[in-house]
Protein chains: 4
Amino acid sequence: MENKREVHASVKDERLVEKRRDQMIRGAVSLFKQKGFHRTTTREIAKAAGFSIGTLYEYIRTKEDVLYLVCDSIYEQVRLELEELDTDEGTVDGLKVGIAHYFQVMDRMQDEVLVMYQEAKSLSKDALPYVLRKELEMVAMVEKLIVRCVETGELELDEHQIHMLAQNVFVQGQMWGFRRWALQKRYSLQEYIDLQVELLFSGITGFEKQRRTGGVV
Amino acid sequence: MENKREVHASVKDERLVEKRRDQMIRGAVSLFKQKGFHRTTTREIAKAAGFSIGTLYEYIRTKEDVLYLVCDSIYEQVRLELEELDTDEGTVDGLKVGIAHYFQVMDRMQDEVLVMYQEAKSLSKDALPYVLRKELEMVAMVEKLIVRCVETGELELDEHQIHMLAQNVFVQGQMWGFRRWALQKRYSLQEYIDLQVELLFSGITGFEKQRRTGGVV
Amino acid sequence: MENKREVHASVKDERLVEKRRDQMIRGAVSLFKQKGFHRTTTREIAKAAGFSIGTLYEYIRTKEDVLYLVCDSIYEQVRLELEELDTDEGTVDGLKVGIAHYFQVMDRMQDEVLVMYQEAKSLSKDALPYVLRKELEMVAMVEKLIVRCVETGELELDEHQIHMLAQNVFVQGQMWGFRRWALQKRYSLQEYIDLQVELLFSGITGFEKQRRTGGVV
Amino acid sequence: MENKREVHASVKDERLVEKRRDQMIRGAVSLFKQKGFHRTTTREIAKAAGFSIGTLYEYIRTKEDVLYLVCDSIYEQVRLELEELDTDEGTVDGLKVGIAHYFQVMDRMQDEVLVMYQEAKSLSKDALPYVLRKELEMVAMVEKLIVRCVETGELELDEHQIHMLAQNVFVQGQMWGFRRWALQKRYSLQEYIDLQVELLFSGITGFEKQRRTGGVV
DNA sequence: CATGAATGAGGCTTCATTCAT
DNA sequence: GATGAATGAAGCCTCATTCAT
């Protein structure tokens, strides 16, 4: 099972390809943030990356390749950050810490995540599946945290509830960035985390118990 | 305070303007669904609307006007649908019914909502505020339902919790459409509603209590 | 059996399409003469045609369409000119007159014919057959002249000889233009015609007889 | 009088230059056959030749140099093959054998000849004369065969007839390749040779006589 | 001598917008 | 009011050529 769609580069030197693509992605993300994929020209991307349009096309085949590489790279970054979150506890407090950590990652990368979700639809039918798979992987990481708590008996949830909760948490992380205009002028990140975890957990372990437990994270 | 950004039309006959814009919006939505705003040409819009490119420009000034009109129209439709949801009960069961209704609306209009959110970012700085205001209005409608339950004493939530819950519910409604590739192959709409309401309310009134209460909607 | 490959035009008005394509072809032929198809830019074609690049693309879809239209048009012109040659005599003298006429046409249109043969190879696999069919039609017109002489008994030739002669005559007509650098500085057109007809007919009716017959055309 | 246009090479080692150019020409001919000069890139040429683009440019100055070298090389090959044809007989049968031989050479090299004639027009004003001169040399070789027959009294032709005949024969040789789509599905090479020689000679020595003489080659 | 990464001019094509009819 | 032909700026991409290693 292929796990990556390879983007063709004319240049052979693998190390150089990596380096140039890095420059490219960095430049592109910053541009896509400002103007979106469609309003950004290939020349602007090349310039932002620090090389000529000709050189850009030594490392990609079409403009869409840039978008794919950007999406791929962002997912990878997020995934790497989230891997740290993978502490094998299986306690409710561990889960809370995990969620808080995830929200923090999504805060730090909100621009990138925004870009990715706004533009991913412009990926061709060819590239979309690879991106969606990454997405699922990430939800699965959240899900695993919950599953452990169920396995250790700390939480009592059926399969559907677990999955739905994972999706909700995942979306709430993105929501912090997507709806920043509504949320971030009202709450600090910490407030947002506390509030969401509270609402979430008062649902899982019971609101009363939650209330007694006090502070969340 | 302006509540609408007027889109200029050369044609004077108001009735005609409305009719033509209706044709235009209908065509544009269908096109934007398929290919997005940027990949849709003005000629295609005119054709889908059933008149010539020249005529199209009698009713708008720029392509972006079409997008604005589309977004505006979709919001209006959603808002109208949601207004029915405004039954003045203030009971938890009424709230549940309200949420279920909202999810059903979002299911029915998922294409339109998808279009709006994917493309709204392409609105100029000029038009964006009008769209965001509509958005807030809608969240407020959900919020009102919750507030009533608090006022009647059926729920005990502070202001922040109320607001956050409203946002969560609102986002979960959109989520059904946005993440259809992940959700809709796993759950039917009714299952989704039940699951979300359950998770939500077991958080609000306590999971144990919820469990005893039984079926959700 | 399709007899033409239609070139798509966005413009509806048939008369206008014809007019614009005429301008286009005229300009393109003149440019192709000078620099060949590949070295001619679409902008140059538009300019030579007397309209903008945008307008050019209202009447064609790709640059290759121009080449196809040019080839098609030249063939058509040649074919029309040759149709006059179709006098139903069936005499050797009539054949000679016909050949002479053909050579004169090829002299008049040598630039166009040159262009066509030099560039036709750049036509896509899609368009080539249409051009080759035209070519065969033209050879057939020459062949018919010979066939008649055989039918009336003025010449005694078998099928293969007839066909080969037709091809030879056809090629000798083109040769006058293709090898102008070698031929036209040595012979006038009339000399060329006389010489070729003489060589040709001394082969058909016998050289001695030819000699007695005297002047050719 | 210069007989060659020198193509500049940075590399000094003459033997190496020759070797590399040989590789280059071989690769280029094969590519030009498939896609023509303009559609072939220098990178492709380098790759087909078996070295890098950088190396390619050590042996030429511009892409056009490749074309010149290719044309030059093909002519040289053809000329060498034709030189064998130069048997000093001066008989009609010798002439027939010579013509047959020439047609066979043109059959064997039809791809190369096709390439050369299709692309030679892309040579700069600078290089063209050298190619045309080669062309004339070759016609002269055919002409010489005829001249000898006239000198020995086997044929009775004036200067113009001789020259024209030589051109005709020369062109008929090329025609076999150029019009292969029309000729080669109808005749075998041998049939083509027989037919052409028959038509040619029945014109020169009289058709009746030819008929009695029987087989041609 | 050989390599191949870098360059950027320039080619083809699209499409939002205008305006004469 | 409606039409659709005309416009040209601007976008994507290619490829001949150079030059540092």
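Here are a few notes on how the protein meets DNA strand F, and on how chain B meets chain A.

1. Keep in mind that this is a predicted model, where local features need pLDDT of at least 70, side-chain atom pairs count only at pLDDT 80 or more, and totals for chains, interfaces and linings use all residues. Residues are numbered from 1 along each chain as its sequence is written, chains are lettered from A and ligands numbered from 1 in the order written, and side-chain values use heavy atoms, with hydrogens and water left out.

2. Start with DNA strand F: 41 residues lie around it (a heavy atom within 4 Å), and Y57(A), K12(B), R20(C), T55(C) and Y59(C) come nearest.

3. Now for some polar contacts with DNA strand F (N or O atoms within 3.5 Å). A polar side-chain atom of T55(C) sits 2.7 Å from a phosphate oxygen, and a polar backbone atom of T42(D) is also 2.7 Å from a phosphate oxygen. G54(C) uses a polar backbone atom, 3.1 Å from a base nitrogen.

4. Over to the chains: 44 residues of chain B and 44 of chain A are in contact (heavy atoms within 4.5 Å). Together they bury about 3,900 Å² (accessible area lost on being put together, 1.4 Å probe, summed over both), 55% of it on carbon and sulfur atoms. In chain B, M164(B), R179(B) and W181(B) lose the most area to chain A.

5. R179(B) also forms a salt bridge with E135(A) (Lys or Arg side-chain nitrogen within 4 Å of an Asp or Glu carboxyl oxygen), with the closest N and O atoms 2.5 Å apart.

Conventions
Polar contact = N/O pair within 3.5 Å; in protein donor to acceptor, adjacent residues only side chain to side chain. Buried area = accessible area lost by both parts, 1.4 Å probe.
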